[in-house]
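Subject: Structure for your review

Hello,

Here is the structure we discussed.

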Amino acid sequence: IPKTPWIRMERIDKPNLSLSIENQWVIADWKSTKNDQVFQWVVFLLYENQWHTEILDKRITNQTIAKMKDGKKLKTIAIKAVDRLGNESDYAAKKI
């Protein structure tokens with residue numbers, strides 16, 4: 001979606017991110033204080049020195065993530081919200 005700065009919209013809030021660890025998994029839960037503004041979520045996963053990106057539907061607000069991938073350890077999880085015009089929130093990030 002191309003950015004549309006000429007259309008005024010309320011700034012989308014930074015998501016709240018919480019993590020819990022269960023064995024070989026990290027369970028990430030997130031939400032926005034204004035869920036009605038969210039069109040998509042962008043999840044960033046840092047395995048050692050390699051970032052992986054996933055774009056998720058607005059209805060998905062949690063994900064179970066493997067602590068290891070291709071022999072690399074999960075170091076950081078970050079998420080941001082995107083509105084229907086492509087405006088992005090600030091990142092919420094947590095180290096594992």
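This is a predicted model: local features need pLDDT of at least 70, side-chain atom pairs count only at pLDDT 80 or more; totals for chains, interfaces and linings use all residues.

The chain has 8 strands and 0 helices, and its pattern along the sequence reads β-β-β-β-β-β-β-β. Taken along the principal axes, the C-alpha atoms fill a box of roughly 45 × 25 × 20 Å.

Of the contacts in the chain with a separation of 6 or more, 55% are between residues 24 or more positions apart.

As for the surface, the accessible area of the chain is about 6,300 Å², and carbon and sulfur atoms account for 49% of that. The chain carries 17 positive and 12 negative side chains. The centres of these two sets are 4 Å apart.

Now the sheet. Three strands form an open sheet in the order S1-S2-S5, and their pairing is antiparallel. Strand S1 (16–22) and strand S5 (62–66) are at the edges with a single partner strand each, so one side of each has no neighbour in the sheet. From one strand to the next, the twist averages 20 degrees.

Within this sheet, S1 pairs with strand S2 (residues 25–31) over 7 bridges, in the antiparallel sense. If you want a place to start on screen, look at Ser20, whose bridge partner in S2 is Ile27.

Regards

Note on methods:
Residues are numbered from 1 along each chain as its sequence is written. Side-chain values use heavy atoms; hydrogens and water are left out. Two strands pair if DSSP finds at least two bridges between them. Helices (H or I, at least four residues) and strands (E, at least two) are DSSP runs, numbered from the N terminus. Axes are lines fitted to C-alpha atoms, for helices over the stretch in contact, and angles run from 0 to 180 degrees between N-to-C directions. Contact means heavy atoms within 4.5 Å. Accessible areas come from the Shrake-Rupley method with a 1.4 Å probe; for residues, only the protein chains shown count as cover. Lys and Arg count as positive and Asp and Glu as negative; His and the chain ends are not counted. The place of a charge is taken as NZ of Lys, CZ of Arg, CG of Asp or CD of Glu.
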